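Reader: Before I set anything up, could you walk me through this one? I'd like to talk about charged pairs, then packing, then whatever else looks worth a question.

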Amino acid sequence: MDYKKRKGYIIKLTLIATLGGLLFGYDTAVISGTVGSLEKFFIEPFGFSETVANTRLGFVVSSALIGCIIGGLIGGLVSLYLGRRKGLILAAILFLFSALGSSMPEIFFRPIGQADHSFIYIFVAYRLIGGIGVGLASMLSPMYIAEVSPPEIRGKLVSWNQFAIIGGMLIVYFVNYSIALKGDDTWLNEIGWRWMFASEAIPASLFLLFLIFVPETPRYLVIRKQEEKALIVLSRINGLEKAKLILEDIKN
């Protein structure tokens, strides 16, 4: 494979991995457009005092961050026992599951559209699941990029993940805004907020689909004693002669 094709290949792998960063930003920021609606839908019907209501709302809004902590804590184990690629696939599945569940918390219990404030804890559970996906992606996406990148451009390619995180946040603000324009406040508080969470299913599905076509990282393949496969991946990125030297470095 000539230099131009190798460069195109590593850029393709990097862009796919940065979708994890984009989903990190998307999932973190999507809640910003739904706070008022979540208060109307999940909090006010309980009739709590102001202090209790604000506390509950704060927990609902920030619940994904608890999942982020969990995802970050288990990210190392996931990357070691499942691998970097399968870890990212797991994160994509969690993103997709959270997007659908957060938008339709009643999906396994009532006909879709018949949820009420009593589903608040199920909603929080789905947000926690999405947060775990965020925690995994925050670790595994830059790890994957770093382990497949040629040394001379590794730092530059890893930095793309940071741009993707901010890009995900920016995109979801426009998505939320466009959804909010589709109806009045009553529609937004009953239906609109669901579409905001459901919109994450699109990038999550693409991320999951694209990950099917990327290889495992050479470093993880060496850890699993699959040196021939590691050499094939390294050769596609660096050329055969350089790949042999890099493989020896990894083994050492």
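Reader: What do the side chains of Asp 27 and Arg 127 do?
Author: In this predicted model, they meet in a salt bridge, with 3.4 Å from N to O. The two residues sit 100 apart in the chain and link distant parts of it, since Asp 27 belongs to helix 1 and Arg 127 to helix 5.

Reader: And are Asp 27 and Arg 127 buried or exposed?
Author: Both Asp 27 and Arg 127 are buried.

Reader: Which residue does Glu 147 form a salt bridge with?
Author: Its partner is Arg 84, and the closest N and O atoms of that pair are 2.9 Å apart. Here too distant parts of the chain are linked, Glu 147 being in helix 5 and Arg 84 in helix 4, 63 residues apart. Glu 147 and Arg 84 are buried as well.

Reader: How many salt bridges does the structure hold?
Author: There are eight. One of them pairs Glu 227 with Lys 251, where the closest N and O atoms are 3.5 Å apart, and it joins helix 10 to helix 11 across 24 residues. Glu 227, Lys 251 and Glu 248 are linked in a network of salt bridges.

Reader: Why does Glu 227 count as partly exposed?
Author: Because its relative accessibility is 31%, which falls between the 20% limit for buried and the 50% limit for exposed. Lys 251, at 38%, is likewise counted as partly exposed.

Reader: Switching to packing, which residues touch the most other members of the largest nonpolar core?
Author: That core has 42 residues, and the ones touching the most other members are Leu 13, Phe 95, Leu 136, Tyr 144, Phe 207, Leu 211 and Ile 237. Several helices each supply at least two residues, among them helix 1, helix 3 and helix 4, while helix 5 gives the most, with nine.

Reader: What is Leu 211 in contact with, leaving aside its neighbours within four places in sequence?
Author: It is in contact with Ile 16, Arg 85, Leu 88, Ile 89 and Ala 92.

Reader: Last topic, helix 7: where is its kink centred?
Author: The kink, of about 50°, is centred on Ile 191. Even so, the 14 residues of helix 7 reach 19 Å from first C-alpha to last, close to the 20 Å expected.

Reader: And what covers the buried residues of helix 7?
Author: The cover includes helix 2, helix 4, helix 5, helix 6 and helix 8, and the buried residues themselves include Leu 188, Trp 193 and Phe 197.

Definitions and conventions. Residues are numbered from 1 along each chain as its sequence is written. This is a predicted model: local features need pLDDT of at least 70, side-chain atom pairs count only at pLDDT 80 or more; totals for chains, interfaces and linings use all residues. Side-chain values use heavy atoms; hydrogens and water are left out. Helices (H or I, at least four residues) and strands (E, at least two) are DSSP runs, numbered from the N terminus. The expected span of a helix is 1.5 Å times one less than its number of residues. The bend at a residue is the angle between axes fitted to the seven residues ending there and the seven starting there. Buried means under 20% relative accessible area, exposed over 50%, partly exposed in between (1.4 Å probe, protein chains only). Contact means heavy atoms within 4.5 Å. A nonpolar core is a set of buried Ala, Val, Leu, Ile, Met, Phe, Trp, Tyr and Cys residues joined through side-chain atoms within 4.5 Å. A salt bridge is a side-chain nitrogen of Lys or Arg within 4 Å of a carboxyl oxygen of Asp or Glu.
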